[in-house]
Amino acid sequence: MKIIACYSNKGGVGKTATSVNLAYCYAQAGYTVLLCDLDPQGASGFYLRVKPSKKLKDARFFEDVERFTGSIRASDFDRFDVLPANLTFRDFDVFLSQMRNKRSRLKKSLAAAGSDYDVVLLDCPPNFSTLSENIFRAADQIVVPVIPTTLSERTFDQLVTFFEKQGLPKKKLRAFFSMVQRRKTLHLDTIERMRNLYRKRFLNAEIPFAADIERMGQNRAPLGVYAGRSVAAIAYQALFDELENGEVSTI
């Protein structure tokens, strides 16, 4: 089982769209996939027309394997299941602070409940917390969407610094540029500067700013379902190819 976290310490950078579309790409490639929504807003479940379980509350996410697995829902797509979030997920840090081995509880829960899957994708909330430390330790890869703007550059710097100070392996970080508008000089300058500064951290794939992605909320489906030939869908496929196979995007 491979665990891939889609994480950023900044909100509004395209984490959920990336999580849903990457999960769909993995399922279409023949992998069995579990998309686990850790964000109490529950956007991944909404996009995939899946309602959260009312039983997976309090600390049961970390302690009750049977209830965890019983809360997993099938999506409309083959080999693609979803564990939708509910509002009690906002208290994860409270629950974790009261547990032994609090920084490794998520990894243990996923290992116990997700063993039937080839890939577990985590859609993560945007913060530094005990939960995020669990995510950093549990994930084999941490996919980080970065909008090529000053604030996003600053938050990515903070993430790298956090990894350095905590002694976490930076090789897990697989950043890519999201919501790219290549007609903007600021975007082009930021991309060039960050690629030069973090050569080993950034993938070649870039996700454009696109109305097709914004329409995910209306269509409640991955891009491949309603806009499979769009530039954005091709870009997500390129991101998947580069993550999984090391193929360099030409987008």
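Student: Where is the place of methionine 179 in this structure?

Tutor: In this predicted model, methionine 179 sits in strand β7, residues 173-180.

Student: What makes methionine 179 count as partly exposed?

Tutor: Its relative accessibility is 26%. Buried means under 20% and exposed means over 50%, so at 26% methionine 179 counts as partly exposed.

Student: What is the phi of methionine 179?

Tutor: Phi of methionine 179 is near 55°, a positive value in a residue other than glycine. Most residues other than glycine have a negative phi. Arginine 49 also has a positive phi, near 60°. Arginine 49 lies in the loop between α2 (43-47) and α3 (60-63).

Student: Why does arginine 49 count as partly exposed?

Tutor: Exposed needs over 50%. Arginine 49 has 49% relative accessibility, so it counts as partly exposed.

Student: Why is α8 called roughly parallel to α9?

Tutor: The axes of α8 (residues 150-166) and α9 (residues 185-197) come within 10 Å and cross at roughly 20°. Angles under 35 degrees count as roughly parallel, so α8 is roughly parallel to α9. The crossing is right-handed.

Student: Which residues make the contact between α8 and α9?

Tutor: Thr150, Glu153 and Phe156 of α8 meet Leu186, Thr190, Arg193 and Met194 of α9. By class, three are nonpolar, two polar and two charged.

Student: Which residues touch the most other members of the largest nonpolar core?

Tutor: Leu38, Phe61, Leu106, Leu122, Phe136 and Phe156 do, in a core of 48 residues. Helix α8 gives the most to this core, with five residues. Another core, of 36 residues, lies apart from it and includes Leu22 and Phe240.

Note on methods:
Residues are numbered from 1 along each chain as its sequence is written. This is a predicted model: local features need pLDDT of at least 70, side-chain atom pairs count only at pLDDT 80 or more; totals for chains, interfaces and linings use all residues. Side-chain values use heavy atoms; hydrogens and water are left out. Axes are lines fitted to C-alpha atoms, for helices over the stretch in contact, and angles run from 0 to 180 degrees between N-to-C directions. Helices (H or I, at least four residues) and strands (E, at least two) are DSSP runs, numbered from the N terminus. Angles under 35 degrees count as roughly parallel, over 145 as roughly antiparallel, 65 to 115 as roughly perpendicular and the rest as oblique. A crossing is left-handed if the near helix is turned anticlockwise from the far one by less than a right angle, and right-handed if clockwise. Contact means heavy atoms within 4.5 Å. Ala, Val, Leu, Ile, Met, Phe, Trp, Tyr, Cys and Pro count as nonpolar, Asp, Glu, Lys and Arg as charged, and the others, Gly among them, as polar. A nonpolar core is a set of buried Ala, Val, Leu, Ile, Met, Phe, Trp, Tyr and Cys residues joined through side-chain atoms within 4.5 Å. Buried means under 20% relative accessible area, exposed over 50%, partly exposed in between (1.4 Å probe, protein chains only).
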